[in-house]
Each structure stands twice: as structure tokens, then as C-alpha cells.
Amino acid sequence: MYIVLYSPTGIHKVVEFLKTMYLVEGFTPVIVKPIGAAAQIGVPEAHKIAYKAGKPLIVLPELADVSRILGASPVYYLSDEGEEKGFEEVFASSGNVAVVLNAGDVEPSRKELENVKTVWVKNFPKGLPAIALSGVIVYNALLLKTTR
């Protein structure tokens, strides 16, 4: 499963996202469309962390590349206004699934969200920033593994 950080602007967001995703097996972190310091300093720093940890890291220029290059299907975009689904419906599905978290100040355009399902996970607090949301995802994934 791919967890995608879309349009991060800061170094800290990129590094914290990566460290959070590496806490649980089964998630491959993907950074799409990094901007400013996130692109210039955050991505190289992330590559160092990934290399030292022996873990994967993917950086892509466009959101559509998640489907085109990685072959992810379905692709979910987490948004407070999305259709509510259970955690297992989104994160425990089999296949090449991707979940996109918006780390920037601007939402992806309608064109970028073509063929992407906008959803929200039931019982997740609304209004969470992307890094906090990634922590909630990892926590719930760990809970799911321990209850099985």
C-alpha cells in the first residue's frame, strides 16, 4: 500500500511523514509534487533516512503518476468532505492501493483528482494536518494487526 504525501512545503513535514510511515510494515511512502524547501532540502534528507533504514521511498512529480507509474488502483484522497468509509475498507484492501494526504495549503485540482476517490475514514477526527493524519493511520494499522 502506498501512502502519498501530496504537495509538502516544508522539510519537517517530509521527514516526519517518512519516519511515521516507517513505523509499520506494509506502507510505502510516496512524495508527490514537493514545493520549495521540501523539494530542495526535504527530499534529499528523506532519501538519506530511507537509505539508512533500508526502506523504500518514491518521489513523483504528479499525482496522476501514482496510477500511471505505480499502477495503484484504487487511489483514495482523504478529505473531510469525502464519502465516509471504514478503516479496513480503505487500508486493509488487497491490491495496489494508494491513499493521498494533502500536506500543502492548496487542494489538488479537479483534473488531478480524476480517477481518484475522495473519502474520509469513519471515526477519524476531522481537520487533522497530514502528519497527524499519518500518525493516526499508522496507529490504526498497528491496532488492526494486533487484533487479528
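Two strands count as paired if DSSP finds at least two bridges between them. Helices (H or I, at least four residues) and strands (E, at least two) are themselves DSSP runs, numbered from the N terminus. Keep both in mind for V75, which stands opposite A98 in β5.

A word on the source: this is a predicted model, where local features need pLDDT of at least 70 and side-chain atom pairs count only at pLDDT 80 or more, while totals for chains, interfaces and linings use all residues. Residues are numbered from 1 along each chain as its sequence is written, and side-chain values use heavy atoms, with hydrogens and water left out.

**The whole chain**

The protein chain has 5 helices and 6 strands, and along the sequence they come in the order β-α-β-α-β-α-β-α-β-β-α. The C-alpha trace spans about 35 × 35 × 30 Å along its principal axes. Buried residues (under 20% relative accessible area, with exposed over 50% and partly exposed in between; 1.4 Å probe, protein chains only) make up 47% of the 148.

Let's look at β5. Here 5 of the 5 residues are buried, so the strand is largely enclosed by the rest of the structure. A98, V100 and N102 point one way, while V99 and L101 point the other way. In general, side chains in a regular strand alternate between the two faces of the sheet.

| Strand | Bridges to β5 | Direction |
|---|---|---|
| β1 | 5 bridges | parallel |
| β4 (residues 75–85) | 3 bridges | parallel |

**Helix α1 and residue T28**

Helix α1 covers residues 11–21, and V14, V15, F17, L18, T20 and M21 are buried in it. What do these buried residues of α1 pack against? The list is β1 (2–6), β2 (28–32), α2 (37–53), β5 (98–102) and α5 (130–147).

T28 sits in strand β2. T28 counts as buried because its relative accessibility is 18%. Contact means heavy atoms within 4.5 Å; leaving aside neighbours within four places in sequence, T28 is in contact with M1, Y2, I3, P56 and I58.
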